[in-house]
Amino acid sequence: MAAISELEAALRPPAMEMPPYPPKAIRLASGEAMVVRSATRDEVPILLQAIHPLLWVERDFYDIVAARLFAELLAYKRYRVRDEYVLVGLIDGVLAGLVNGRLVDAKTGMSYHTLTIRRGLRVGSHLFAAKMEYHIEHCRQEEVLIVAESPIGFRRWMIEYPLEKRLEVQHELGGVPSWVLPRDTYYKAKPRLVAGRRPVPDELLRAAESIALPTEEAVVQQVSGGKEGGA
Amino acid sequence: MKAVYIAGAGMTKFGRSEWPLIPLAGAASLAALRDANLGKIPVDGVVVANMGAARINHQTALGSALADYLALCPATAEAVENGPASGASAFKIGCQAIASGMADAVLVTGVERMRVVDGLEGTDFVATLSQPDVEYIYGVTLPSLAGMFARLFMDRHGVERKHLAMIAIKNHENAMENPYAHIHQTITMEGILTAPEAVVNNPPIAEPLHLFDCCPVSDGAASLVLVSEAVAAKLGGRSVRVAGIGQATDSHAVHEREDPTDLKAVRIASEKAFALADLKPKDVDVVELHDAFTILELAESEAAGFYKPGTAHKAVERGETRRTGKLPVNPCGGLKAKGHPVGATGVAQLVELTWQLRGEAKGRQVKGAKVAYACNFGGFGNNVVATVLRREGA
């Protein structure tokens with residue numbers, strides 16, 4: 001890390017030691033392999049580029065998720081949120097989705113957002129599961145605080161795991177009170193919701209070394225379902 | 001009956017539509033009317049198929065609404081609600097109007113806009129077709145009925161989940177060639193069944209049926225222009241003839257059937273349609289089945305007479321039902337991948353078959369198709385309409 005000024009140092013939150021997220025490969029319904037790995041601060045600009053066109057897509061609350069994620073990614077890049085991490089899902093090196101969150105303390109995690117670009121293959125479910133895996137298995141936390149901003153998220157997290165209500169806790173994303181995934185619920189859900197293989201074959205890892213973006217048109221088309229054929 | 005011809009066919013892309021109900025129906029109707037090119041020949045009647053508008057779109061009397069929207073007044077107008085068989089029922093009524101001599105040109109349009117409600121409400125709305133006192137009241141849904149049916153059918157005939165997966169894979173592959181299909185995504189056996197990740201990719205919906213055994217919830221519209229022989233002659237050339245239609249009902253509650261795996265209404269409706277057409281199942285070149293669940297493609301193909309009971313899954317294994325196989329089934333992607341806007345489905349099946357018989361199905365064209373069959377499956381098999389179409393001159 002480059003040297004920073006005293007003032008900049010004062011503006012940055014103290015950082016906790018965060019374990020690395022070991023990459024994994026997931027075989028999707030399409031037969032394609034999606035590599036899930038952590039994203040570095042240097043990769044944030046390309047992620048912002050992917051998210052940018054979604055700021056105006058109202059369908060399925062993409063606008064609010066994209067806008068908040070945009071700010072969270074900037075905060076990650078510029079050291080303005082404490083202990084944040086970002087995971088990306090890449091299919092043949094092309095961004096399929098991303099998730100982020102942060103560590104509140106050694107025992108508690110805070111899930112932020114899950115954004116799927118390649119829809120219809122449960123990419124969001126896989127990435128959310130990877131995020132929970134990171135908190136519980138790699139960071140060895142006791143629980144993760146979670147809210148959903150769309151009905152899809154509510155079905156995927158609150159119902160499918162299922163999460164417990166922790167209504168006395170205010171989630172950092174504001175709005176509704178928090179739900180929580182405790183460690184034991186995670187392990188009960190793991191056989192049916194958490195997938196992936198390690199180590200990732202070299203060939204797949206190499207393809208996932210850098211992040212390529214689908215075209216802006218393809219991103220909007222994927223998330224909004226707009227295609228030729230009318231109506 | 002007097003001969004009935006299909007002079008025009010059109011549909012919207014299935015999926016999620018931002019368009020209101022009547023403009024959605026109007027888009028498909030205009031495509032069909034443009035295709036028919038009726039010129040100064042008036043449209044005598046409009047029949048609209050729909051299942052849920054009164055409940056989920058808060059709109060009724062769709063026939064009158066569409067006739068006015070398309071400036072077709074004073075044409076006669078009706079709306080038909082017959083569950084998921086609404087589409088082919090409306091088609092049958094349109095045919096009857098022409099066959100009886102009461103009309104020379106009828107527009108039949110199926111439309112549904114289901115994505116305005118969430119999945120739970122959508123599932124509940126479709127479940128209202130079940131028997132209220134002994135099914136719905138106990139929480140029966142269409143996926144749960146299909147799950148119970150699948151378990152019994154698979155156990156009885158030695159069908160395995162891999163056979164259902166083969167059907168899903170085939171239909172997704174076919175839909176890739178259909179610009180109107182809801183889902184444009186190929187799937188693989190590894191991804192949905194054999195890989196360790198398949199448990200997450202393809203979760204159970206109603207065992208033994210999993211996510212990729214079930215059709216999506218879709219919006220969409222499809223439309224046909226039916227004409228009399230006299231009008232068809234004026235229009236010239238490429239008309240498709242309605243060779244036969246059959247319809248049959250079965251007990252409302254599935255458990256009251258002597259054999260719940262015997263789709264009696266499919267069998268009887270198909271026999272009637274083939275008898276009217278003076279054709280046999282072996283004469284058929286291309287088939288559209290109502291695969292709201294993959295298991296139904298197997299069961300219907302047997303009940304309709306294409307395969308002996310308990311053998312259709314072997315035909316699937318041999319690849320016979322692929323687009324290039326001996327009996328192509330659901331070349332458009334079926335309900336499984338093309339989508340299933342319930343009221344539109346029966347009409348959309350016939351739109352696809354019209355294009356197939358005219359040789360206009362492009363990348364999904366079944367070579368040399370002359371005779372086509374469709375099964376529109378209402379309720380859980382308690383009201384079925386079967387249709388046989390024939391290319392003129394074939």
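I count two residues as in contact if their C-beta atoms, placed from the backbone, lie within 7 Å. This is a predicted model, so I note that local features need pLDDT of at least 70 and side-chain atom pairs count only at pLDDT 80 or more, while totals for chains, interfaces and linings use all residues. Residues are numbered from 1 along each chain as its sequence is written, and chains are lettered from A and ligands numbered from 1 in the order in which they are written.

**Interface.** I looked up the partner side. In chain B, 28 residues are in contact with 20 residues of chain A. Helix 1, helix 8 (189-194) and helix 9 (198-201) of chain B each give at least two residues to that side. Helices (H or I, at least four residues) and strands (E, at least two) are DSSP runs, numbered from the N terminus. By class, the chain B side has 14 nonpolar, nine polar and five charged residues. Here Ala, Val, Leu, Ile, Met, Phe, Trp, Tyr, Cys and Pro count as nonpolar, Asp, Glu, Lys and Arg as charged, and the others, Gly among them, as polar.

**Whole chain.** I find 15 helices and eleven strands in chain B. The C-alpha atoms of chain B fill a box of roughly 60 × 45 × 40 Å along the principal axes. Of the 394 residues in chain B, 63% are buried (20 or more other C-beta atoms within 10 Å of the residue's own, C-beta atoms being placed from the backbone; exposed is 12 or fewer, partly exposed in between).

**Sheet.** Which order do the nine strands of the open sheet take? In chain B I read 3-2-4-7-1-8-11-10-9, with mixed pairing. Two strands pair if DSSP finds at least two bridges between them. Strand 3 (76-80) and strand 9 (286-288) of chain B are the edges, each with a single partner strand, so one side of each has no neighbour in the sheet. Strand 1 (residues 4-11) and strand 7 (residues 219-228) of chain B run antiparallel, joined by seven bridges. There, Gly8(B) stands opposite Val225(B) of strand 7.

**Helix pair.** I checked helix 4 (residues 86-99) against helix 15 (residues 342-358), both of chain B: their axes come within 5 Å and cross at roughly 60 degrees. Axes are lines fitted to C-alpha atoms, for helices over the stretch in contact, and angles run from 0 to 180 degrees between N-to-C directions. The contact has eight nonpolar, five polar and no charged residues.
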